[in-house]
Amino acid sequence: MERLEREGWLDDVAAARSLVRQRAARYGRERIARELSVRGFEAAVAREALDAELPEKEEIALSRAFARLWRENAGRPKPERSRRVRQALMRRGFAADAVSAMIRGSHDDTQ
């Protein structure tokens, strides 16, 4: 095991960063952090991977997911539309304040 680690074959940070890169296009920090934890990565390793790979990608992922969900719920009354979109984005692990800001910032006045 020590030889494998020394030669770079076992690298928890690299493995965690790889998982974050794979998930960053669809999910938020909280969901990816849970997945890292479930897979047995230490909290410090998960934090390092998330901080290195996620910041700029999370905003893009949230924006894309919001646009798609907002469009899919266009026929619903605005309060229900907002609630459904908020819940879907929160399940994907996006931060509540970022989701709320995205909904408030929406300029779509159609119901």
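A residue counts as buried when its relative accessible area is under 20%, as exposed when that area is over 50%, and as partly exposed in between, using a 1.4 Å probe and protein chains only. By that rule, buried residues make up 32% of the 111 residues in the protein. The structure is a predicted model, in which local features need pLDDT of at least 70 and side-chain atom pairs count only at pLDDT 80 or more, while totals for chains, interfaces and linings use all residues. Residues are numbered from 1 along each chain as its sequence is written, and side-chain values use heavy atoms, with hydrogens and water left out.

The protein has 7 helices and 0 strands, where helices (H or I, at least four residues) and strands (E, at least two) are DSSP runs numbered from the N terminus. Along the sequence the pattern is α-α-α-α-α-α-α. Contact here means heavy atoms within 4.5 Å. Of the contacts with a separation of 6 or more, 61% are between residues 24 or more positions apart.

From α2 the contact takes D12, V13, A16, R17, V20 and R21, and from α4 it takes V45, E48, A49, L50, A52 and E53. These residues divide into 7 nonpolar, no polar and 5 charged. In this classification Ala, Val, Leu, Ile, Met, Phe, Trp, Tyr, Cys and Pro are nonpolar, Asp, Glu, Lys and Arg are charged, and the others, Gly among them, are polar.

L62, S63 and F66 in α5 meet A98, V99, M102 and I103 in α7. This contact holds 6 nonpolar, 1 polar and no charged residues.

Which residues of helix α7 (residues 96-104) are buried? They are V99, S100 and I103. Seen down the axis of α7, they fall within an arc of 100°, so they line one face of the helix; the arc is that of the directions from the helix axis to the C-beta atoms. In general, an α-helix has 3.6 residues a turn, so residues three or four places apart point the same way. The buried residues of α7 pack against α5 (55-72) and α6 (78-91), while D97 and R104 on the other side of α7 are exposed.

The loop between α6 and α7 contains F94. F94 is buried, with a relative accessible area of 1%. Leaving out residues up to four places away in sequence, F94 touches R26, Y27, G28, E58, A61, L62, A65, L89 and V99. The C-alpha atoms of F94 and A61 are separated by 9.2 Å, although the two residues are 33 residues apart along the chain.
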